[in-house]
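Thank you for making time for this today. Please have the display open while I talk, and I will go through a few places one after another.

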Amino acid sequence: MPTIAVVPGDGIGTEVIGEALRVLAAIAPDAQTEVFDLGAERYLRDGTTMPADVVRRFGSEFDAVLLGALGDPRVPSNVHAKDILLGSRFQLDLYINFRPCKLLDARYCPLKHATEADVDFVVFRENTEGLYTGVGGQFKRGTADEVAMEQEINTRKGVERIIRAAYAWARQNGKTRVCMSDKANAMRHGHDLWQRVHKEVAAEYPEIKSSHLYVDVLAMRLVQAPQDFEVIVTNNLFGDIITDIGAALQGGLGLASSGNINPGKAALFEPVHGSAPDIAGRGIANPFASILTVGMLLAYLGRPADEARIQKAVQRCLKDGQVTRELGGTLSSREATDAVLAAL
Ligand code: ATP
């Protein structure tokens, strides 16, 4: 019986997670959920962002965490979002950001002539180091001589475990191509480490064709020939950018889901989109990304057949044009979810 911690969060996060939980209840009635009141409302009410015992409970009492979105114009510092998301990511050491980019209906791909088979790759983005650790500093701030430094952290352990995770996943899932991407021609210290570790790990997977692209070339190639890619592994910053190209190729933020994973331990799953304050509270957000996220979560918990069913049901709705407004449809979040439930 899977146990799932649920953090609906802010803005459309609360709306789409409400819908996704209806799908979870239909497909996995044995799943036990506990909803956590964390987010901007809670922060504004009593100053709480992320209690230490909650992170601990996420890691010890639950099989997975399902998160909606965090971000609220009333909290311009975004401190609650940083504490909740980055707190979970770092304290639970969720070093893999897993981002499948799969086109479910060619109509929603911005590329001319792309077929569904052309966009089907996953990105393994390093999730705990790189340029997003906040290491750095400012000197002579606000003066004409100001200096601002942002340090990129690449550890042997961090680089090796993400590259290894990408190859291991490729092998387990019958994929034959892994592409590592960096910028070793310009970033000669940290990315030289990526190059050396990649060669070592790739040698352990002789059946997999390993390749390397500088990230600028990868960005271009993803748009020109996405069919060339099955598994991409890269660092935190580059992964952030590349996965947004991936989201565009698969039909936009309303369809993109992600997992923050430490295999065999805790994992946190979330739609890629944010809290979208511009449409929050109107019941029109696309719930499909969150519904697909539930599928990904169930696959992680050993139920890949459930994920396949959810994907098929969402695909059915896309094909039938049973979609929300940003995809050209007329349905509300609730009606779009009803359509998925009917397809299931
Ligand atoms: P954050 O800063 O929290 O990432 P944001 O509003 O800047 O939030 P997103 O929420 O990721 O960025 O999305 C950008 C825009 O895309 C939104 O303002 C919204 O118009 C649209 N959008 C995002 N997600 C959805 C969705 N699920 N359904 C419909 N439109 C969406």
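Predicted model: local features only at pLDDT ≥ 70, side-chain atom pairs only at ≥ 80, totals over all residues.

Let me begin with a term: contact here means that heavy atoms lie within 4.5 Å. With that in mind, E230 touches D120, F121, V122, K175, T176 and R177, where residues up to four places away in sequence are not counted. Residues are numbered from 1 along each chain as its sequence is written, and side-chain values use heavy atoms, with hydrogens and water left out.

Staying with E230, you will find it in the loop between α7 (215-224) and β10 (231-234), helices (H or I, at least four residues) and strands (E, at least two) being DSSP runs numbered from the N terminus. Is E230 buried or exposed? Its relative accessible area is 15%, and because buried means under 20%, exposed over 50% and partly exposed in between, with a 1.4 Å probe and protein chains only, E230 counts as buried. The side chain of E230 also reaches the backbone nitrogen of T176, at 2.7 Å.

Now to the aromatic rings. Rings of Phe, Tyr and Trp (its six-membered ring) pair if their centres lie within 6.5 Å, and planes under 30 degrees apart count as stacked, over 60 as edge-to-face and the rest as tilted. A search of the whole structure finds eight aromatic pairs. In one of them, Y167 and Y205 have ring centres 5.3 Å apart and planes at 40°, so this pair is tilted. It links distant parts of the chain, since Y167 sits in helix α5 (residues 156-172) and Y205 in the loop between α6 (190-203) and β9 (209-214), 38 residues apart. Y167 is buried, with a relative accessible area of 0%, and Y205 is buried too, at 8%.

The rings of F269 and Y300 have their centres 5.5 Å apart and their planes at 55°, so they also form a tilted pair. Because F269 lies in strand β12 (residues 267-271) and Y300 in helix α9 (residues 288-300), the pair ties together parts that are 31 residues apart in sequence. F269 counts as buried, at 1% relative accessibility, whereas Y300 is partly exposed, with a relative accessible area of 25%. Finally, ring pairs link F36, F58 and F62 into a cluster.

Definitions and conventions:
Polar contact = N/O pair within 3.5 Å; in protein donor to acceptor, adjacent residues only side chain to side chain.
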